[in-house]
Amino acid sequence: MDSADWLLTLIDALVIAVLVQAGAVKLVSPAAGAAAVAELVPRGRGMPPPTAAVRALAVAELAAGIAAAVPQLRVADRALVIILGLVFAAAGVLGALRGSSEPCGCFGAASSRPLGAGNVLMGLALAAVAGANLAFRGGMSSDEAAATALSGVVVLMVWQFVAVRAEARVVVGELLRQRVRQSAQRSEVSG
Amino acid sequence: MIVVGSIALLVLAAAVVLLYAMMGELASRLPRDAAPAEDPGHLTPLEDVPLGVTPDTWPEPLAPLAGRRDAAILVLSPICATCDKVAGQLVEHRRKHAGHGHAADDAPLAVVVSCRDAASGQEFLNRHPLAQAGVPCLVDEGGEWSTGTFGVNLSPTALVLETGTVAEAYSFGRLTNILDHLEERTRRPRIGATAPHRAPQPVHTPHAPEGAQ
């Protein structure tokens, strides 16, 4: 693998992390996304929020994220990522035009910004990366597939750690405090 | 082989992310569920429950509510501590005021027990003999009726009905909240049919949902 391949692999890893993270969170917390979609798409009176549609989108994101590392599904996966990217960009454009105010729910309840320019940029970036991958990468060797999957895992794990760092700090701090207390008690007993 | 292993690891990582997301979602529900119990003086309007919904079909125990001008369905869950309290309050209330003839006592209330399976729903009703206290009850397996028809995904929820149509939807912490509200509604003068609305209640601001992380 040359440096260009490594660059594409790392970009793929980022795409995997974004899609898996967004898909997983939307799958279990679709309410925010559904509220944002409901604000964009006029519904009939009494119709429930489109949580099923948001969950379907989440499943597509998860599938696209995981399939990105499967060599046999490369073309289909990149096509799906392009479609998803364009859908996100279109939603961003609609949100900006209609003055969306609901949080977009792109990453579940953690997303506080409404649909707008950010989604357009993110969507276009996803579509561009997938398109470039299709155009400039002839195929995917076993090494490249393994490197993509493992890099994706690393990025995802770092993302998780960053996301729960506050909670992690509390837990680690408490463990350290317990350790210090125990050593102090031991030294008192031995003294 | 290495490819299969790497992809398996990626799937495992995705499963971990899913697990974290589920934990985050559960954590975000705790303070919101607990909020009405901590400050039970207000009803909290539920914005994500659509108003104006009229069920196509009414389950047999709830059918009498369809024609009533002011009625309420309380959606309770066997795994929610506040629901447990509310069910106990309702049984107690009905026993205490049976036949007194107050407007609030006569308020047509029904309980939908939204539960994972029929056994857990029935167990909840055995614990709280609502049917014996004269409250129509429905065991709603998997929330099929309450979620499918009304989009209710939080408990306890009170759906205030006007002749079978959802006019208001609230989260609440005490039975008296909803009884007082129903009594207040019955006193309101009516001119023809009223459109569904978000009632101008003193709104209790629920705790902001925590991030999903």
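1. Lys26(A) and Glu61(A) form a salt bridge, with their closest N and O atoms 3.1 Å apart. A salt bridge here is a side-chain nitrogen of Lys or Arg within 4 Å of a carboxyl oxygen of Asp or Glu. Lys26(A) lies in helix α1 of chain A and Glu61(A) in helix α3 of chain A, so the pair ties together parts that are 35 residues apart in sequence. Both residues are buried, a word that stands for under 20% relative accessible area, whereas exposed stands for over 50% and partly exposed for values in between (1.4 Å probe, protein chains only).

2. The model is predicted: local features need pLDDT of at least 70, side-chain atom pairs count only at pLDDT 80 or more, and totals for chains, interfaces and linings use all residues. Residues are numbered from 1 along each chain as its sequence is written, chains are lettered from A and ligands numbered from 1 in the order in which they are written, and side-chain values use heavy atoms, with hydrogens and water left out.

3. What surrounds Lys26(A), leaving aside its neighbours within four places in sequence? It is in contact with Val54(A), Leu57(A), Ala58(A), Glu61(A), Gly105(A) and Cys106(A), where contact means heavy atoms within 4.5 Å. Helix α1, in which Lys26(A) is placed, covers residues 3-28 of chain A. The relative accessible area of Lys26(A) is 5%. Its side chain also makes a polar contact with the side chain of Glu61(A), at 3.1 Å. A polar contact is a pair of N or O atoms within 3.5 Å; within protein, one must be able to donate a hydrogen and the other to accept it, and residues adjacent in sequence count only if both atoms are side-chain atoms.

4. The structure holds 6 salt bridges over all chains. In chain B, the side chains of Arg127(B) and Asp84(B) meet in one of them, at 2.5 Å from N to O. Arg127(B) lies in helix α3 (residues 118-127) of chain B and Asp84(B) in helix α2 (residues 81-97) of chain B, so this pair ties together parts that are 43 residues apart in sequence. Arg127(B) is partly exposed, at 36% relative accessible area, and Asp84(B) is likewise partly exposed, at 26%.

5. Another salt bridge joins the side chains of Arg116(B) and Asp117(B), at 3.5 Å from N to O. Arg116(B) is exposed, with a relative accessible area of 67%, while Asp117(B) counts as partly exposed at 25%. In chain A, a network of salt bridges links Asp12(A), Asp77(A) and Arg78(A).

6. How many helices and strands does chain A have? Chain A has 7 helices and 0 strands, whereas chain B has 5 helices and 6 strands. Along its sequence, chain B follows the pattern α-β-β-α-β-α-β-α-β-β-α. These elements are DSSP runs numbered from the N terminus: helices are H or I runs of at least four residues, and strands are E runs of at least two.

7. Of the 191 residues in chain A, 40% are buried; of the 213 residues of chain B, 49% count as buried. In chain A, 75% of the contacts between residues at least 6 apart in sequence join residues at least 24 apart. For chain B, residues 24 or more positions apart account for 78% of the contacts with a separation of 6 or more.

8. Chain A exposes about 9,800 Å², and carbon and sulfur atoms supply 69% of it. The accessible surface of chain B comes to about 10,100 Å², of which 59% belongs to carbon and sulfur atoms. Such areas come from the Shrake-Rupley method with a 1.4 Å probe; for residues, only the protein chains shown count as cover.

9. The size of an interface is often given as the accessible area lost when the parts come together. Chain A and chain B bury about 2,500 Å² between them, with 77% of it on carbon and sulfur atoms. The elements that give two or more residues to the side of chain A that touches chain B are α1, α3 (51-67) and α6 of chain A. The largest share of that side, 11 residues, comes from α6(A). In total, the contact takes 35 residues from chain A and 26 residues from chain B. Across this interface the rule finds 0 salt bridges and 0 residue pairs in polar contact (both at pLDDT 80 or more).

Terms used. Buried area is the accessible area (1.4 Å probe) that two parts lose on being put together, summed over both.
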